[in-house]
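Please work through each task before reading its solution.

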Amino acid sequence: MTVTPPVALTVAGSDSGGGAGLQADLRTFTACGVHGCVAVTAVTVQNSRAVTGIVEIPPSTVADQIRAVVSDIGIGAAKTGMLASAGIISAVTKMCDEVGLGTSVPLVVDPVAASMHGDPLLTADALDGVRSELFPHATLVTPNLDEVRLLIGLDVQSRAQQYDAARALHALGPQWVLVKGGHLHDDPECVDLLYDGSDVIEFTAPRVATPHTHGGGDTLAAAITSALARGADMPTAVRYGKHYVSQAVAHAYPLGTGVGPVSPFWRLRPADPC
Ligand code: PLP
């Protein structure tokens, strides 16, 4: 019998090294049983050491990709990753209204601003668009602590400040906020806080000692998006995503001479012999 799986859309940049960006999103969707569609926002020239070039896709082409996918294929959930510029953010925000992202379709906004090496993936003037245009449309936003500092100017050093950040970010308009604690390096656990404006749920996983965490944020947001596309409620989707990414970090592998990616292979059976 032919079965069409649930469908998710990622609005994201390409990573030529294959560790993060739309490549991480698509393989996460696959490993989570979801068909992945893509609206490409930018092509990055990237390996395990650095991002050395970015070519942006015209904002109208980003919007056209979203419209083409939603109008014909239909999607159960969407996520945004690298949005590159203020123009692309405005185009994506307009599409939220046009096709119902964040209303009829859950929208996960991963506010990607820079690579783990500190290379910018968003122009400085675009941060305000993330805060004031895109966040009010988001079903969930998933900032790490570097992104929290950029977005609201709070330098989170403790669990208590993570709570403060969740409240301040929720005031910007998203339905749910997930403040990720992975960057609190002295904490033996990685605790992420999910907040809906009234209740906080903590999601905890042991900290894994690995330098290879490239694509971790994308993978978490993509796994959550997969679960939403399959009809899960938000706390269930975040629990699913946290488990998925914790296993992916535990199985991360070296690649190239720099930082390797988190791995989807823990979810896949060993490859058949060639
Ligand atoms: N490159 C692209 C295209 C991305 O979308 C992202 C994150 O979303 C990154 C690089 C950065 O990934 P990391 O911070 O894990 O290095």
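Angles between axes under 35 degrees count as roughly parallel, over 145 as roughly antiparallel, 65 to 115 as roughly perpendicular and the rest as oblique. The axes are lines fitted to C-alpha atoms, for helices over the stretch in contact, and the angles run from 0 to 180 degrees between N-to-C directions. The structure is a predicted model, in which local features need pLDDT of at least 70 and side-chain atom pairs count only at pLDDT 80 or more, while totals for chains, interfaces and linings use all residues. Residues are numbered from 1 along each chain as its sequence is written, and side-chain values use heavy atoms, with hydrogens and water left out.

**Exercise 1.** Classify the packing of helix α7 and helix α8, and describe their contact.

Solution. Step 1: helices (H or I, at least four residues) and strands (E, at least two) are DSSP runs, numbered from the N terminus; α7 covers residues 216-229 and α8 residues 234-250. Step 2: their axes lie 8 Å apart, at an angle of about 140 degrees. The two helices are therefore oblique to each other. Step 3: α7 passes α8 in a right-handed crossing (left-handed if the near helix is turned anticlockwise from the far one by less than a right angle, right-handed if clockwise). Step 4: contact means heavy atoms within 4.5 Å; among the residues involved are Leu220 and Ile224 of α7 and Val238 and Tyr244 of α8. By class, this contact has 12 nonpolar, three polar and one charged residues. Here Ala, Val, Leu, Ile, Met, Phe, Trp, Tyr, Cys and Pro count as nonpolar, Asp, Glu, Lys and Arg as charged, and the others, Gly among them, as polar.

**Exercise 2.** Which residues touch the most other members of the largest nonpolar core?

Solution. Step 1: a nonpolar core is a set of buried Ala, Val, Leu, Ile, Met, Phe, Trp, Tyr and Cys residues joined through side-chain atoms within 4.5 Å. Step 2: of 50 residues, Leu9, Val11, Ile66, Ile75, Val92, Leu101 and Val179 touch the most other members. Helix α3 (residues 86-99) provides the largest share, seven residues. Step 3: a second, separate core of 24 residues includes Val34, Ile224, Val249 and Val262.

**Exercise 3.** Are Ala84 and Pro206 buried or exposed?

Solution. Step 1: buried means under 20% relative accessible area, exposed over 50%, partly exposed in between (1.4 Å probe, protein chains only). Step 2: Ala84, in the loop between β4 (77-80) and α3, has a relative accessible area of 3% and is buried. Its phi is near 70 degrees, a positive value in a residue other than glycine. Step 3: Pro206, found in strand β9 (residues 200-206), is exposed at 65%. Leaving aside neighbours within four places in sequence, Pro206 is in contact with Pro188 and Glu189.
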